[in-house]
Amino acid sequence: YCRDDGVCVCTLCTLIGRHRGHRCGSIGEGERELRGQLYRHLKTIERNSASVQAALGDLHTQKLNTQSLITETKREVKEKYDELRKHIENEERDVFLCLDKEQNRVIAAIDIQICKLEKEIKFFEMCLVNFNDLSQKTEKLSFIQGFSSMITRIKNASAPFKSPQPHPCLDKIKLDRIKNHTQKNYELVSQVKKDRDRLISLCKWQCMTANGSECKATVFATKESSRNEEDRSVHHHSAPSRKRSLLVPVTLSFP
């Protein structure tokens with residue numbers, strides 16, 4: 001077995017052939033050396049697979065959290081818009097569109113990373129199956145030939161796992177602005193409704209008070225007018241002061 005070229009050679013090639021001067025050994029030594037390499041690669045691949053599984057779990061969790069946060073935000077926004085639906089349907093539609101775009105932006109980026117990692121998982125699983133099958137081979141020449149045919153895949157699968165780039169997060173500032181804007185609109189409409197109800201109640205009270213006072217004032221003014229005519233004929237000098245007293249109850253003032 002030629003260690004420099006990683007192939008099995010005949011004895012003559014090590015003496016006068018192209019492998020002359022190379023580091024050569026028996027097939028048994030080569031098999032043990034390559035089997036040791038394979039076991040080390042398998043350990044690395046298993047660690048890589050575990051790392052990918054953990055990263056994949058984190059991404060799925062982040063996806064669920066993102067969807068939950070968007071759902072909760074929609075619920076809070078919808079509670080406020082229920083009172084304003086007849087007046088701000090267009091604004092509500094725009095807000096939900098903004099939230100959907102924000103969700104789609106984050107989910108799309110996460111889905112891309114999930115798809116990539118799932119492909120790597122399939123690749124690692126296939127490699128583990130093939131490499132485990134290779135490790136079970138007892139015939140030395142067959143093992144070496146199989147190893148040589150898989151060396152590229154072994155190296156690719158054994159390369160250190162690179163963590164995926166940080167995925168984009170939800171723009172919580174934007175979400176807070178949307179919720180704050182909605183809350184302000186809700187409070188504004190609530191205050192307008194309170195002011196309107198207070199105004200309606202005040203108007204009703206004024207109408208009731210005005211109608212009752214007007215009837216009393218009319219009766220009172222009629223009686224005083226009759227008295228005034230009688231007093232003018234008897235006490236002509238006191239008319240100015242009595243006229244002033246008659247004007248007071250007739251002049252009505254409402255809050």
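A salt bridge is a side-chain nitrogen of Lys or Arg within 4 Å of a carboxyl oxygen of Asp or Glu. The side chains of R75 and E72 meet in such a bridge, at 2.5 Å from N to O. The structure described here is a predicted model. A search of the whole structure finds 13 salt bridges.

The overall fold comes before the details. The secondary structure of the protein consists of six helices and zero strands. Along the sequence, the pattern reads α-α-α-α-α-α. The protein has 255 residues, and buried residues make up 27% of them.

R75 and E72 both belong to helix α2. These two residues are three residues apart, about one turn of the helix. R75 has a relative accessible area of 39%, so R75 is partly exposed. E72 is partly exposed as well, because its relative accessible area is 32%, and buried would mean under 20%.

Helix α2 spans residues 27–84 and also holds R35 and E31. R35 and E31 form a salt bridge whose closest N and O atoms are 2.4 Å apart. Four residues separate R35 from E31, about one turn of the helix. Both R35 and E31 are buried.

Another salt bridge joins D176 to K179. Here the closest N and O atoms are 4.0 Å apart. Both residues lie in helix α5, which covers residues 172–234. D176 and K179 are three residues apart, so about one helical turn separates them. D176 is partly exposed, with a relative accessible area of 38%. K179 is partly exposed too, at 26%. Salt bridges also link R3, E29 and E33 in a network.

Aromatic rings were examined next. A pair of aromatic rings is described by the distance of the centres and the angle of the planes. The search of the whole structure finds two aromatic pairs. F123 and F124 form a tilted pair. Their ring centres are 5.8 Å apart, and the angle between the planes is 50°. F123 is partly exposed, with a relative accessible area of 27%. F124, in contrast, is buried, because its relative accessible area is 6%, and the cut-off for buried is under 20%.

F143 and F147 also pair. The centres of these rings are 6.3 Å apart, and the planes meet at 35°. Planes under 30 degrees apart would count as stacked, and planes over 60 as edge-to-face. At 35°, the pair of F143 and F147 is therefore tilted. F143 and F147 both lie in helix α4, residues 140–158. The two residues are four residues apart, about one turn of the helix. F143 has a relative accessibility of 0%, so F143 counts as buried. F147 is buried at 3%.

F143 has a further contact. The charged end of R35 sits over the ring of F143, 4.4 Å from the ring centre. R35 lies in helix α2, whereas F143 lies in helix α4. Both R35 and F143 are buried.

Empty space was also searched. Rolling a probe the size of a water molecule over the atoms shows where empty space is left. The largest pocket has a volume of about 320 Å³. This pocket is lined by 16 residues. The closest to its centre are K116, L117, E120, F161 and K162. Helix α3, residues 89–135, gives the most to the lining of the largest pocket, with seven residues. By class, the lining has seven nonpolar, five polar and four charged residues.

G57 and I114 are 57 residues apart along the chain. Their C-alpha atoms are separated by 9.4 Å.

How values were computed. Residues numbered from 1 in each chain as written. Predicted model: local features only at pLDDT ≥ 70, side-chain atom pairs only at ≥ 80, totals over all residues. Heavy atoms only, no water. 1 Å grid on protein atoms, 1.4 Å probe; cavity = no way out; pocket = protein on both sides within 12 Å on 5 of 7 lines; lining within 4 Å. Points joined across faces, edges and corners; volume = space filled by probe spheres on them. Nonpolar A, V, L, I, M, F, W, Y, C, P; charged D, E, K, R; others polar. Phe/Tyr/Trp six-rings, centres within 6.5 Å; stacked < 30°, edge-to-face > 60°. Buried < 20%, exposed > 50% of the residue type's maximum accessible area, 1.4 Å probe, protein only. Lys NZ or Arg CZ within 6 Å of the ring centre and 35° of its normal.
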